[in-house]
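Colleague: Could you take me through the aromatic pairs and the helix packing here, with the reasoning behind each label?

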Amino acid sequence: MENRSFSKSTSSFGISLAVCAVLNAALVIAKESSKIVADRMQKITGHHWTTHVLFMVAVFVALGWSLNRKNNQTDSVTSSTTLIRIVVGGVVGGIVIIFGFYLFAD
Amino acid sequence: MIETILMAHVIFGSGCILSALWVLVDTLNATEANAWRIKWMSRATALCMWLAVLVGGYWYVVFYHADKAIILQGPWPFAHNYFMETKEHFVITLLLLASYLPIAASTNLAANKEAARLVLWVAGMVVVVALMAEGHGAIISAGVKVGLLAKPH
């Protein structure tokens, strides 16, 4: 019989990826719009981009890990179509926001 | 010597595209026999992407400011203002996407067609976004080149 559900880590880190893709775009807008945010990010590691990468990787791992722990307790399973829509929507949406921001707003 | 860093960045980026494409094609024909290859090639995709970002990031933080000045004084300032600004940020999403590929491919794809569909989407997005990154890189390099050519001798 065919298995139609995802593993819990696939669901958890998929949702984390989608959230991080949109959060990444939001951080770009915040950094470019506010000198205070840009300066703070610059101060933390010495370069705003290094801070940006480290922050996004940390959020991806932390959110995926915590969702995975929560899923293990609740036994909930995200449906396949929903997960694909969340992942594709988050990634494409996040990248389109970045392109649009530099094209029209910056 | 410094330029080898930049070449390594491009080579690892190309490795990421090729291995993700491999995952895509193998997943279209996922069986028990190629399951190990899909898993290892998805790990190779993530590894190549991490190496490309580490090497490219080192270049960007330490050496890029000189290139940036040449680009901004040359006839193609958009090579930095648009293409570098977008590239340095959407590659972060690409890094997370490539890191997610081995997680998505950890399921038995031959027995689970829905999981295989997710892997196809993720691998396909890695290929498209990484090709965009390569294209952006080419425009940034061309921006430096036309900036140097435009300098008075």
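**Rings and helices**

Modeller: Gladly! Over all chains, a search of the whole structure finds eleven aromatic pairs.

Colleague: Why is the pair of A:Trp49 and B:Tyr60 called edge-to-face?

Modeller: Rings of Phe, Tyr and Trp (its six-membered ring) pair if their centres lie within 6.5 Å, and planes under 30 degrees apart count as stacked, over 60 as edge-to-face and the rest as tilted. Here the centres are 5.7 Å apart and the planes at 70 degrees, so the pair is edge-to-face. This is a predicted model: local features need pLDDT of at least 70, side-chain atom pairs count only at pLDDT 80 or more, and totals for chains, interfaces and linings use all residues. Side-chain values use heavy atoms, with hydrogens and water left out, while residues are numbered from 1 along each chain as its sequence is written, and chains are lettered from A and ligands numbered from 1 in the order in which they are written.

Colleague: What makes A:Trp49 count as buried?

Modeller: Buried means under 20% relative accessible area, exposed over 50%, partly exposed in between (1.4 Å probe, protein chains only). A:Trp49 has 8% relative accessibility, so it counts as buried. B:Tyr60, at 10%, is buried too.

Colleague: How do you know that α4(A) is roughly parallel to α5(B)?

Modeller: The axes of α4 (residues 80-105) of chain A and α5 (residues 113-149) of chain B come within 9 Å and cross at roughly 10 degrees. Angles under 35 degrees count as roughly parallel, over 145 as roughly antiparallel, 65 to 115 as roughly perpendicular and the rest as oblique, so α4(A) is roughly parallel to α5(B).

Terms used: Axes are lines fitted to C-alpha atoms, for helices over the stretch in contact, and angles run from 0 to 180 degrees between N-to-C directions. Helices (H or I, at least four residues) and strands (E, at least two) are DSSP runs, numbered from the N terminus.
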